[in-house]
Amino acid sequence: MSTHYGDSLGVDAWESIQHLDILPEEVAQQMADSAARNKLIVEIYKNNQKQYGQTILFAVNVVHAIQLTALFKKEGIKADYIVSSIKDAVTDVTISREDNERKLEEYREGYLQVLINVNILTEGVDLPKTKTVFLARPTVSSILMTQMVGRALRGTAAGGTSSAYIVSFIDHWNEHIAWVNPETLFDGNNEFQDSDYEREKHDIRLIAISKIEEFASVLDDSVDTSFLEKVPFEQRIPVGMYAFTYLEENGMDHSYQVMVYNSTKIPYENLMDALPTLFKSFGVTEEYLSDTQLNEMESQCRDSFFCGEMVPPYEKRDVLNILKYYAQYESIPQFYTFDEIDRSKLDVGRIAQHIWDEDMGERKRTEYIDSLWESGDDNMLRLFFGRKLYFLNQINIELMKLSHPDIYDDENNIQYGSRALEDLPLHEIGKINPLLEQQLRNDTFKKAMDKDGNYHCAKCGISDKSRIFFQVDHIIPMNAGGKSTLDNLQILCRQCNGQKGDKS
């Protein structure tokens, strides 16, 4: 069909589509409200109902899913939709997890012919009798396309059908967008393919997105990035990511990626293991958390798992988004490793070392860097850095380390000021000396541990093996002259700490 979308989008919106695979809300709404488009979707299924059989349909947003369900039912086709639990602001009707499970079971039993969803059924739910997938939402992600198409390609060995149909609705856009065509996922023999090369390119793009702000900060002389710059560049390349989608309260789906590095891999693994206990300890059962709940839970996560030196530094918004996802789905996000990426192609330190060893002049150096930037079928450098300016800046930083190593000497460059660290709260100590904050917190918990590995609240005596229930507290409050020293620190459960009113 030929429907125009995106006529009035700005540069930021196009970037959001190309890099993050997020449709701007106004476009998603326009597609959802298109009567002609929705009528065509329903008519194509109705005219081929016997051939298509049980069908999963991926909609643009929640509104779209609801509208299509109504149209299918109007034509006498048994259909329903599942979305993450929402509460409609007008009708005050709540869609619960139990409703979703009931609808999934009705689909498995064959009562429902069409099951409409918004990015929920991309993976993890077993619906082997699915014969057809309707793709009513566009995507630039070959990985997401693979997951959506894969819902119908289970095969008889997995309890699925011997044949499957993929129906894609390709709309006309005002500007070029590299939407993934499902045909590209198959070779000439029509065998399902999940291209390692496409996955690698997708992973690199996601890494590149996470690096843009870091590079922009390095380019900005007003921002102190000396700590980040002194770390070998390869350690600033993520080892993987948590990628997930959840629904905002307005019904729009929100995609998010949390990049994981060598220094944060274990802290994130510990956080994921502790999520059920964390929500239990806070008594949280709602699927949409208040800002107060989110901030309190994030603070507990930071203190429990993310102390110490981390490259790049701890990012509060990453944990907030993980908490929002878990509140809705009660499961940890999917983790994707970047083990298949050839990091040697991104080793800026090695490139700088070669320039230094060869004592290249400006012209020879320029020719060498240009040859790297332009060479290679995979364009790894281009995919990662995005702009050549960022690539050049990183080379200059690495060359400066070689020519002036004293610049990155902590003893010569870090000054803590006149105020003793013990006079600062633990969070403030962490900003100056993260390892000291980590040591103080760890040693305080060790003091409170019994021989069985249980921690004990110093006030009420409640015990547990998880740190998630406890907070480090000053015995003598700081406003009464207490210091941030081990002999003046204890652990309290959150209830006792809240009653005391002196949080570290």
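**Helix packing and local features of the predicted model**

Glu 269 sits in helix H10 (residues 265–282); helices here are DSSP runs of H or I with at least four residues, strands are runs of E with at least two, and both are numbered from the N terminus. The structure is a predicted model, in which local features need pLDDT of at least 70 and side-chain atom pairs count only at pLDDT 80 or more, while totals for chains, interfaces and linings use all residues. Residues are numbered from 1 along each chain as its sequence is written, and side-chain values use heavy atoms, with hydrogens and water left out.

With a relative accessible area of 33%, Glu 269 is partly exposed; on this scale buried means under 20% relative accessible area, exposed means over 50%, and partly exposed lies in between (1.4 Å probe, protein chains only). Glu 269 and Phe 305 are separated by 36 residues in sequence, and their C-alpha atoms lie 9.4 Å apart.

For the protein overall, the model has 20 helices and 14 strands. Of its 504 residues, 47% count as buried. Contact is taken as heavy atoms within 4.5 Å, and among the contacts with a separation of 6 or more, 68% come from residues 24 or more positions apart.

Leu 294 is 26 residues away from Leu 320 in sequence, yet the two are 6.4 Å apart in space, C-alpha to C-alpha. Once neighbours within four places in sequence are set aside, Leu 320 is in contact with Leu 294, Asn 295 and Glu 298.

Helix pairs come next. Two packed helices are described by the angle between their axes and the distance between the axes. The axes are lines fitted to C-alpha atoms, for helices over the stretch in contact, and the angles run from 0 to 180 degrees between N-to-C directions. Angles under 35 degrees count as roughly parallel, over 145 as roughly antiparallel, 65 to 115 as roughly perpendicular, and the rest as oblique. A crossing is right-handed if the near helix is turned clockwise from the far one by less than a right angle, and left-handed if anticlockwise.

On the H3 side, the contact is made by Arg 37, Asn 38, Ile 41, Val 42 and Tyr 45, and on the H5 side by His 64, Gln 67, Leu 68, Leu 71 and Phe 72. By class, this contact has 6 nonpolar, 3 polar and 1 charged residues, where Ala, Val, Leu, Ile, Met, Phe, Trp, Tyr, Cys and Pro count as nonpolar, Asp, Glu, Lys and Arg as charged, and the others, Gly among them, as polar.

Another group of helices is built around H13 (residues 348–357), whose buried residues are Val 348, Ile 351, Ala 352 and Ile 355. Seen down the axis of H13, these buried residues fall within an arc of 95 degrees, so they line one face of the helix; the arc is that of the directions from the helix axis to the C-beta atoms. An α-helix has 3.6 residues a turn, so residues three or four places apart point the same way. The buried residues of H13 pack against H14, helix H15 (380–385) and H16.

H13 packs with H14 at an angle of about 150 degrees, the axes being 11 Å apart, and the two are therefore roughly antiparallel. H13 passes H14 in a right-handed crossing. Here Ile 351, His 354 and Ile 355 of H13 meet Arg 365, Tyr 368, Ile 369 and Leu 372 of H14, a set that divides into 5 nonpolar, 1 polar and 1 charged.

H14 (residues 362–374) also packs with H16 (residues 388–403), at about 130 degrees and with axes 12 Å apart. This pair is therefore oblique, and its crossing is right-handed.

Two loop residues complete the picture. Most residues other than glycine have a negative phi. Glu 330, although not a glycine, has a positive phi of about 50 degrees; this residue lies in the loop between H12 (316–329) and strand E10 (334–337) and is exposed, at 53% relative accessible area. Asp 359 likewise has a positive phi, near 50 degrees. Asp 359 is found in the loop between H13 and H14 and is exposed, with a relative accessible area of 68%.
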